[in-house]
Amino acid sequence: MIGAALRRVDLDPVPVATLTGRLVGASGLLLESTGCPFHTGQRCRIEAADGRWIDAQAVGFRNEVSYLMALKQTDGLATGARVLPATDNSTLRIGPSWLGRIVNGLGEPIDGLGRLDGEQVLQTRPPKVNPLKKTPVRERLDVGVRAINGLLTLGRGQRVGLMAGSGVGKSVLLGLITRQTVADVVVVGLIGERGREVREFIDLSLGTAGLARSVVVCAPADESPLMRLRATELCHAIAAHYRDQGLHVLLLVDSLTRYAMARREVALALGEPPATRGYPPSVFGLLPQLVESAGNGEHPEGSMSAIYTVLAEGDDQQDPVVDTARAILDGHIVLTRELAERGHYPAIDIAQSISRCAGLVSPRPQLEAARAFKELAARHAQVRELLPLGAYVAGADPATDRAVQLYPRMEAFLKQGTTEAAPMDEVERQLLELMA
């Protein structure tokens, strides 16, 4: 009797049947399955003709048909292929071993350094934080860029966008910020960019020392839109995990526009009508949900600062994604092609840029000096075209005369080499001396 009881305890329950779906359609990115109900966001596996199993995710449904999208390549699918719900072994566990590693949008290591382990379960969706419980932005964030530290001061927990057209220097500036920023952990999301830039960013921008305190999540342009979406959400979830451990985290996402484009591909495949420049309305509703998961949390010691690159197509600052990002972020740093063509790097246009948290974290003397700097820069811009022609006559306006006199030093203050460090205290001292 005792032996029988022990046998009943030791044996695992054996399922009588496994609910299996069947693939009944494939059109572009969208796959159709019947016979097994899937909830949106659920992982599943599809059997290919050669016996491989392809990972997919449910993105919608209509009546008895579930709409799926593959996470990777879809070669070899055939009508009637079996579709099974994914098992629970896809749960991610995170810990200190993640630092220094490079993963894809599923959290799978792609650096060849072995599997990842951890003590805590990582929720792959970014957590929501009650806005009334978020820790306020109180401290300055030293990003090591002179123009930003001095005139567009950021705070720990702030979310800001780097906005520019293609080839103006967003990625180079992001690399400079990565190397110089004072943070415990750096989480990098390389979303939808060229595959060549992934290795360059890791080797040149991060380096060995930078990678040791970083987690890199990669989903290059040749990945599926669903993988790009999951990679963006995963890097937010990783950053939020370390933030809630009481660490100062810097989240870098390159780029927010590629995330919006991936959302557009999924929405259009599901039949949602395009609205603004081909973007369906749901894209502009989901962007705030992603961005609001960044920033500070409830832990009084931890912080999560986020910097997003935003591509302005055709250098149009009224691009719908740029305009939406400008409205939902805590500041924007605009890079212009005009400055880049003059050899002015980083090509930050301080007149079009703003930090909404600068007044909360900067001392009053620095704020006043930054305001005076911007005023002189605006006055110089009014007479810039007259100076080469010799048409400007000094003496009519003392403030404009001062702007013309100081502008060479002001321009030198704004320029910075890719290997040059600009710590916050030194920048503040230089700015006060320049505006004295």
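## Terms and basis of the model

Helices (H or I, at least four residues) and strands (E, at least two) are taken here as DSSP runs, numbered from the N terminus. This is a predicted model, in which local features need pLDDT of at least 70 and side-chain atom pairs count only at pLDDT 80 or more, whereas totals for chains, interfaces and linings use all residues. Residues are numbered from 1 along each chain as its sequence is written, and side-chain values use heavy atoms, with hydrogens and water left out.

## Salt bridges

Side chains of opposite charge can pair when their charged atoms come close. With a salt bridge defined as a side-chain nitrogen of Lys or Arg within 4 Å of a carboxyl oxygen of Asp or Glu, the structure holds 30 of them. One of these joins Glu375 to Arg379, with the closest N and O atoms 3.9 Å apart; because the two residues are four apart in helix 11 (residues 364-383), about one helical turn separates them. Both ends are partly exposed, a class lying between buried (under 20% relative accessible area) and exposed (over 50%), computed with a 1.4 Å probe on protein chains only: Glu375 has 46% relative accessibility and Arg379 has 24%.

Asp244 and Arg243 also meet through their side chains, at 3.1 Å from N to O; here Asp244 is partly exposed at 37%, while Arg243 is buried at 1%. A further salt bridge, between Arg277 and Asp316, has an N to O distance of 2.6 Å. This pair links distant parts of the chain, 39 residues apart, with Arg277 in the loop between helix 6 (256-269) and helix 7 (281-292) and Asp316 in the loop between strand 16 (303-311) and helix 8 (320-328). Lys134, Arg159, Glu292 and Asp330 are linked in a network of salt bridges.

## Nonpolar cores

A nonpolar core is a set of buried Ala, Val, Leu, Ile, Met, Phe, Trp, Tyr and Cys residues joined through side-chain atoms within 4.5 Å. The largest has 55 residues, and those with the most contacts inside it include Trp98, Leu122, Ile238 and Tyr242. Helix 5 (residues 225-244) gives the most to this core, with eleven residues. A second, separate core of 53 residues includes Ile102, Val198, Leu252 and Met410.

Eight strands form an open sheet of mixed pairing, in the order 8-14-13-15-16-12-17-18, where two strands pair if DSSP finds at least two bridges between them. Strand 8 (101-103) and strand 18 (354-355) are the edge strands, each pairing on one side only. Strand 17 (residues 331-334) pairs with strand 18 in the antiparallel sense over two bridges, and Gly331 has Ser355 of strand 18 as its bridge partner.
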